[in-house]
Amino acid sequence: MSNQSLLKTDGYQVLFNLTHLEHTKDYLDAIFEFRLDPQLANVSVKSPQTFISIKDLQELIAYFENHITRLQNNPDSQSEPFVTWELGFQVQALSGEIRSPQDGEFDILFMVNVGQGNGEVGSTYVGGESAVTLENIQRFISSVRTALDWGRERLEK
C-alpha cells in the first residue's frame, strides 16, 4: 500500500510517494516529485525509485520541528541542510517568522535527486526555494507521521 505526503510551498510542491515493503520494517520504497506552481512554469520532475529509511523520515520530522522552535527565538535562524542516507533529496529550512503556534512562515530550499548524467560522476538535483506556511509544514509532518504509523500498524498484524 502506498501513502502520499505533500509539502506545499508558495512556488512549488514536493510529493513523497511512499510504499511499505513486505520484507523490511526499516525502509520504505520512495519516489520524490518536485512540481513548480503551474502559474510559474509547467515543470515536474521525479526521482528514480529509491529507498528511504524510517529513521530518516523520523529525523526529517524532528528537523522541521526543531527549526520552527529556533525561529521562535531567532527569525534569522537557518538550519543546516538535511540529506537522507540514500540521497533521494536535500532540504534546507531558512529564515522566517513564527507569530504563534499556528501562524508563520519560513523559506525552504528543496532539491530532488533526478539521477546521474552521462558522466555518472555525481547526482543531478532539481528544485527551488520558496516560502512555506507553518500550516502547510505541519500538514506535511502530520502526513509523514500517518504514513509511519500505518506501516507500524501493518507490521504488528
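Visitor: How many salt bridges does the structure hold?
Guide: There are seven salt bridges. Keep in mind that this is a predicted model.

Visitor: Which residue does Glu 97 meet in a salt bridge?
Guide: That is Arg 99, with 3.3 Å from N to O. Arg 99 also forms a salt bridge with Asp 103, where the closest N and O atoms are 2.9 Å apart.

Visitor: Why would such side chains pair at all?
Guide: Side chains can pair because they carry opposite charge and their charged atoms come close.

Visitor: Is Asp 103 buried or partly exposed?
Guide: Asp 103 is partly exposed, because its relative accessible area is 35%. Glu 97, at 39%, is partly exposed, and Arg 99 counts as partly exposed at 41%.

Visitor: What about Arg 139, which residue is its salt-bridge partner?
Guide: Its partner is Glu 135, at 2.6 Å from N to O. Both lie in helix 2, residues 134–156, and are four residues apart, about one turn of the helix.

Visitor: Which residues do shared partners join into one network?
Guide: Glu 97, Arg 99, Asp 103 and Glu 105 are joined that way by salt bridges.

Visitor: New topic. What volume does the largest pocket have?
Guide: About 180 Å³. It is lined by 13 residues, and the closest to its centre are Gln 13, Arg 35, Leu 36, Asp 37 and Pro 38.

Visitor: Which strands supply at least two residues each of that lining?
Guide: Strand 2 (12–20) and strand 3 (27–36) do.

Visitor: And what is the lining by class?
Guide: Five residues are nonpolar, four are polar and four are charged.

Conventions. Residues numbered from 1 in each chain as written. Predicted model: local features only at pLDDT ≥ 70, side-chain atom pairs only at ≥ 80, totals over all residues. Heavy atoms only, no water. 1 Å grid on protein atoms, 1.4 Å probe; cavity = no way out; pocket = protein on both sides within 12 Å on 5 of 7 lines; lining within 4 Å. Points joined across faces, edges and corners; volume = space filled by probe spheres on them. Nonpolar A, V, L, I, M, F, W, Y, C, P; charged D, E, K, R; others polar. Salt bridge = Lys/Arg side-chain N within 4 Å of Asp/Glu carboxyl O. Buried < 20%, exposed > 50% of the residue type's maximum accessible area, 1.4 Å probe, protein only.
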